[in-house]
Amino acid sequence: MGLDYENDGALHAKLIEDVLSQYPDKAAKRRKKHLSVATSQDEAGGEDKGLSECDVKSNIKSIPGVMTIRGCAYAGSKGVVWGPVKDMVHISHGPVGCGQYSWSQRRNYYVGTTGIDTFVTMQFTSDFQEKDIVFGGDKKLEKIIDEVEDLFPLSGGISVQSECPIGLIGDDIEAVSRKKAKEHEKTIVPVRCEGFRGVSQSLGHHIANDAIRDWVFDKDDVDFESGPYDVNVVGDYNIGGDAWASRILLEEIGLRVVGNWSGDATLAEIERAPKAKLNLIHCYRSMNYICRHMEEKYGIAWMEYNFFGPTQIEASLRNIAKHFGPEIEEKTEKVIAKYRPLVDAVIAKYRPRLEGNTVMLYVGGLRPRHVITAYEDLAMVIVGTGYEFAHNDDYQRTGHYVKNGTLLYDDVTGYELEKFIEGIRPDLVGSGIKEKYPVQKMGIPFRQMHSWDYSGPYHGYDGFAIFARDMDLAINNPVWGLYRAPWKKMKDAPLRAVAAE
Amino acid sequence: MEKVTTMPQSAEKVLDHAPLFREPEYRQMLAEKKLNFECPHPDQIVTDQRELTKTWEYREKNLAREALVINPAKACQPLGAVFAAAGFERTMSFVHGSQGCVAYYRSHLSRHFKEPSSAVSSSMTEDAAVFGGLKNMVDGLANTYKLYDPKMIAVSTTCMAEVIGDDLRSFIENAKNEGSVPCDFDVPFAHTPAFVGSHVDGYDGMVKGVLEHFWKGSERSQAAGTINIIPGFDGFCVGNNRELKRLLDLMGVTYTVIQDASDQFDTPSDGEYRMYDGGTKIEDVKGALNAEATLSLQHYNTRKTLEYCNEVGQATASFHYPLGVQATDEFLMKVSAISGQEIPETIRMERGRLVDAMADSQSWLHGKKYAIYGDPDFVCAMARFVMETGGEPTHCLATNGTSAWQVEMKELLASSPFGQDAQIWAGKDLWAMRSLLFTEPVDLLIGNSYGKYLERDTGTPLIRLMFPIFDRHHHHRFPLMGYQGGLRVLTTILDKIFDKLDRETSETGVTDYSYDLTR
């Protein structure tokens, strides 16, 4: 975290004031609590000072009609936590839409024969009709489970992902699951992740975690011989192969990754998790619940880590190694040394092309802080960041990442984000598909930071090279210089573009 | 096994996921992961099951499914409503219910069009489930009106609001009374339950809602010869609507396209983000009441809307996505008959050029077998065009196809010798299609991006001509309708055929005697 800079706090405070002035009073009052400028807790400085807990309110209901970017609990459970478990059939239980829109959209990479022994990129739905709403869907669910068993006998289990109507019409999916699990001798997990629950995806993560606790753990027949270096990777969904680019490092330093949650995972990897020695958690927001549970119940320690960019990777590897002692620590130093030339070469190539470029981020619950240092490794500057569904503990952690004067926005609205970007005119925006095209229309380079814009992986050393390349190709593409028709009088300075190498 | 310690990645040649994970380090790592930690089924069992899914036996079980739906080719009503609203001037979609749905509709549309897609939600949560969402509607409309400066707010519903029974008419009235928006501000609405029909019905409901809002209580004075045209839910609206307007302009017809999202989903990049662009002008919607006739380009998208147009006294007619020669002929002749405008010679020349192209290529198309899936009108259109080229539409599948559609398809297919062996699959999904393609194979599959999984599993080349297309860019910018559109469809099919033939004949010294330079 060597990069030293300060952002224009006064400008950012003014931008906040400006956007708030456009809301009806009631909404302005509510939105005010979610917008802030990071300020140093201790102006005098000192080691590891961090900022005050990035003073914004979070995890609060979105205001109606403002164009929140958030999703729902179903998205948090089916889309994030459960969907990637590859050998299970995940039934989107309710009307057809939720499963359709989330079908194959999170790029949870996996290896398997789809439709035979793996099912991630398929859309299983109970396709509720009016009669199911009126008479209830439990009978239909029973039949669906039977049909899954008949057509997909190699599936490792089934999860029932509730859509809004399930909880409203009083279906008892737990009873159905219990009955059918017994009948078919398979794990069947009912998940109460109806979209209206909670304020964002976040409650869906929590509910999904609880479902693992209640419906997967503590099976008698988990047969596994554990070893001294067994770890679970928790909260890596293997987007574009992230978990693979992480696993390769953890194995190289001598650890045995016995389970990866939940990208490219089989149910077996989840079932045996309580036998590991340590839980390594990447996406703290979506999976901390089950780590806390495993700590309490099985005495498994957990540790947060960050595999974005060399600074964080090195720090994380060393931190993980410390937990296991000198033998692993020694290997870890060798691994760090092995990858150093790659890191140096990547930085030597891309830093000159990216240095000083400003970045605004708006992502989910982890990356708005986790990727900051990766940008700084390339001498890029983070001017603003915010979360869709973070909680207070995330903003506390954010304080250690952001610099003085950074603009912070929680559950940002379409209007605010547009105005902030317009006011700051960063060199790059990293956010989601809904934000991508409005930003690019303004002539500002953009990268999707949920899906890696169909690239990736971004985790690990191998991922960092791709990350650096992608930021370069986004910012330095010549198209940004073509926006203005030459016969139109120029209003602003021409947009900068560097020729591709 | 000894660990490989080399490094696949380098700064000179950065490998991303596609090549990276094919490197030996990763292949070994993944093989070991599978073996040691995944508890996989033995390979033979997986292979056996895979082979089993290709059989008639599996097909019968698969097609006999009564409850489970796998890989359907349809979306839910509110998506259609949001798309419909995007076709009116400065209109913001307001979807009443849970907020996650709106995030999904916006993403879905953006991924297809590669364009911004704006819509707001009333963000209902548990308390609203208990007490109803009136407060959300009141606050929500006020916020949307103030922040996004719309000319109209089009309200639809998610299934949550439908299940708890929120009543849009009274809610909107209440919101107006509480001053959320001015009393004379336009807030048309449509109840769009996700558990009834599909996106094409949501489209129908929203367009009808808009027309009712502006037409109800107004006096109609028929303007003879004028025509309204409703395109229907169409992922190719950008190319199609523009082509359509070009043809109508050539004919000199007085017309209004009701619901025109062609500019909204194709805004230029010049430094300015346009949240709203184009769309049917509100004044034009009002004036459209006086049209002599309303024509729908997609019958199954507009059943209720056309019924309403009939009620107000307009003549109506509907088409099935006019594409190819005869379907375009019929559409233009109908327009000509109502408007009294002749079809000009330039259009006849265009027709001739399409027919010319079909004649040039007929030998490559004659007897080719197709599987076609998608929305009901599209499947109808493609089957018809394929038959015009001498192709045989072996499987015609619409997950949202009704029994009426089935009957209509039957008639269409019976009308041509090329349709004699065709099978119609109403209400079936793409996992059913997988069995169909294994047991009764075809040469080409026509559908959308989801079809790529069928292409992978069955080896049937996929032609993407239907919403949504996520994995190819810009196809929607070009028309499929009309004679010009027909040319494009024809070329796309031919490219697929030639590319496949080249691939199959390109092995040096083995098959490349057939690797002909001229075809």
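Ring pairs join six residues of chain A into a cluster: Phe308(A), Tyr375(A), Trp452(A), Tyr458(A), Phe464(A) and Phe467(A). The model is predicted, and every value below is computed from it.

**Aromatic pairs**

Over all chains, a search of the whole structure finds 41 aromatic pairs. One of them is formed by Phe119(A) and Phe124(A), whose geometry is edge-to-face, with 6.3 Å centre to centre and 70° between the planes. Phe119(A) and Phe124(A) are both buried. Another pair is made by Trp480(A) and Tyr483(A); the ring centres are 5.8 Å apart and the planes stand at 40°, so this pair is tilted. Trp480(A) is buried, as is Tyr483(A).

**Charges over rings**

The table lists the residues and distances.

| Charged residue | Ring | Distance to ring centre |
|---|---|---|
| Arg272(A) | Phe224(A) | 4.4 Å |
| Arg397(A) | Tyr284(A) | 3.9 Å |

For Arg272(A), the charged end sits over the ring of Phe224(A). Arg397(A) lies over the face of Tyr284(A).

**A helix pair in chain B**

Helix α15 of chain B covers residues 325-339, and helix α16 of chain B covers residues 345-365. Their axes come within 11 Å and cross at roughly 170°. Angles over 145 degrees count as roughly antiparallel, and α15(B) and α16(B) are therefore roughly antiparallel to each other. The crossing of these two helices is left-handed. On the α15(B) side the contact is made by Val325(B), Asp329(B) and Leu332(B), and on the α16(B) side by Ile347(B), Arg351(B), Leu354(B), Val355(B) and Met358(B).

Strand β4 of chain B, residues 152-157, contains Ile153(B). Is Ile153(B) buried or exposed? Its relative accessibility is 0%, so Ile153(B) counts as buried, the limit for that class being under 20%.

Which residues are in contact with Ile153(B), leaving aside its neighbours within four places in sequence? They are Met92(B), Phe94(B), Leu141(B), Thr144(B), Tyr145(B), Val181(B), Phe185(B), Asp186(B), Val187(B) and Pro188(B). Gln298(B) is 145 residues from Ile153(B) in sequence, and the C-alpha to C-alpha separation of Ile153(B) and Gln298(B) in space is 25 Å.

Terms used:
Residues numbered from 1 in each chain as written. Chains lettered and ligands numbered in written order. Predicted model: local features only at pLDDT ≥ 70, side-chain atom pairs only at ≥ 80, totals over all residues. Heavy atoms only, no water. Phe/Tyr/Trp six-rings, centres within 6.5 Å; stacked < 30°, edge-to-face > 60°. Buried < 20%, exposed > 50% of the residue type's maximum accessible area, 1.4 Å probe, protein only. Lys NZ or Arg CZ within 6 Å of the ring centre and 35° of its normal. Axes fitted to C-alpha atoms, helices over the stretch in contact; angles between N-to-C directions. Helix = DSSP H or I, 4+ residues; strand = E, 2+ residues; numbered from the N terminus. Parallel < 35°, antiparallel > 145°, perpendicular 65-115°, else oblique. Left-handed = near helix turned anticlockwise from the far one by under 90°. Contact = heavy atoms within 4.5 Å.
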